[in-house]
Amino acid sequence: IWQTVQAIPEGRVASYGQIADLAGLPGRARLVGKALGKVPEGGWRGRVVPWFRVINAKGEISFPTDSPAYKRQKEQLEAEGIVFINGRISLRQYRWQP
């Protein structure tokens with residue numbers, strides 16, 4: 001899962017389900033969320049795991065909108081040029097297509 005997330009390029013996003021499929025774990029979107037919650041601070045195999053590029057299938061951040069985690073993820077995505085409209089990201093425009 002972490003290796004797959006590391007492949008998402010800057011300025012692109014992927015859904016939890018998409019990552020599960022690409023990692024060979026179809027139907028395991030929740031497992032992706034759990035794995036991303038356990039990413040070591042220093043990354044994995046010497047590289048950052050850009051967990052913040054993973055969003056839900058609606059194009060939304062899954063954290064509660066009033067949480068610090070939501071704000072952090074949104075800021076990191078916006079810093080990469082991703083635009084939110086009414087709290088959503090256009091998957092048509094920003095979805096990673098490996």
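Glu80 comes out at 17% relative accessibility, so Glu80 counts as buried (buried is under 20% relative accessible area, exposed is over 50%, and partly exposed lies in between, with a 1.4 Å probe and protein chains only). This is a predicted model, where local features need pLDDT of at least 70, side-chain atom pairs count only at pLDDT 80 or more, and totals for chains, interfaces and linings use all residues. Residues are numbered from 1 along each chain as its sequence is written, and side-chain values use heavy atoms, with hydrogens and water left out.

What does Glu80 pair with? Glu80 makes a salt bridge with Arg53, with the closest N and O atoms 2.5 Å apart (a salt bridge is a side-chain nitrogen of Lys or Arg within 4 Å of a carboxyl oxygen of Asp or Glu). Glu80 sits in the loop between α4 and β3 (84-85) and Arg53 in the loop between α3 and β2, so the bridge ties together parts that are 27 residues apart in sequence. Helices and strands here are DSSP runs numbered from the N terminus (H or I with at least four residues for helices, E with at least two for strands).

Arg53 counts as buried too, because its relative accessibility is 10%. Its side chain also reaches the backbone oxygen of Ile8, at 2.7 Å. Leaving out residues up to four places away in sequence, Arg53 touches Ile8, Pro9, Glu10, Arg12, Val13, Ala14, Leu77 and Glu80 (contact means heavy atoms within 4.5 Å).

## The other salt bridges

The structure holds three salt bridges. Arg88 forms one of them with Glu60, the closest N and O atoms being 3.0 Å apart. Arg88 belongs to strand β4 (residues 88-89) and Glu60 to the loop between β2 and α4, so this pair ties together parts 28 residues apart in sequence. Are these two buried or partly exposed? Arg88 is partly exposed, at a relative accessible area of 40%, and Glu60 is partly exposed as well, at 22%.

Lys74 and Glu78 form another salt bridge, with 3.1 Å between the closest N and O atoms. Both residues lie in helix α4, four residues apart, about one turn of the helix. Lys74 counts as partly exposed because its relative accessibility is 24%, while Glu78 is partly exposed at 37%.

## Aromatic pairs

Searching the whole structure turns up three aromatic pairs. Rings of Phe, Tyr and Trp (its six-membered ring) pair if their centres lie within 6.5 Å; planes under 30 degrees apart count as stacked, over 60 as edge-to-face and the rest as tilted. Trp2 and Trp44 have ring centres 6.0 Å apart and planes at 70°, so they go down as edge-to-face. This pair links distant parts of the chain, with Trp2 in helix α1 (residues 2-6) and Trp44 in the loop between α3 and β2, 42 residues apart. Trp44 is partly exposed, at 22% relative accessibility.

Trp51 and Phe52 are also edge-to-face, because their ring centres are 6.0 Å apart and their planes at 90°. Trp51 and Phe52 are both buried. Ring pairs join Trp51, Phe52 and Phe63 into a cluster.

## The nonpolar core

Which residues have the most contacts inside the largest nonpolar core? In this core of 24 residues, they are Val13, Ile19, Leu36, Leu77 and Ile89 (a nonpolar core is a set of buried Ala, Val, Leu, Ile, Met, Phe, Trp, Tyr and Cys residues joined through side-chain atoms within 4.5 Å). The elements giving two or more residues to this core are α2 (16-22), α3, β2, α4 (68-79) and α5 (91-94). Helix α2 supplies the largest share, three residues.

Ile89 touches Val13, Ile55, Gly59, Leu77, Ile82, Val83, Phe84 and Tyr94, again not counting residues up to four places away in sequence.

## Out on helix α3

Lys34 lies in helix α3. Lys34 counts as exposed because its relative accessibility is 59%.

Note on methods: A polar contact is a pair of N or O atoms within 3.5 Å; within protein, one must be able to donate a hydrogen and the other to accept it, and residues adjacent in sequence count only if both atoms are side-chain atoms.
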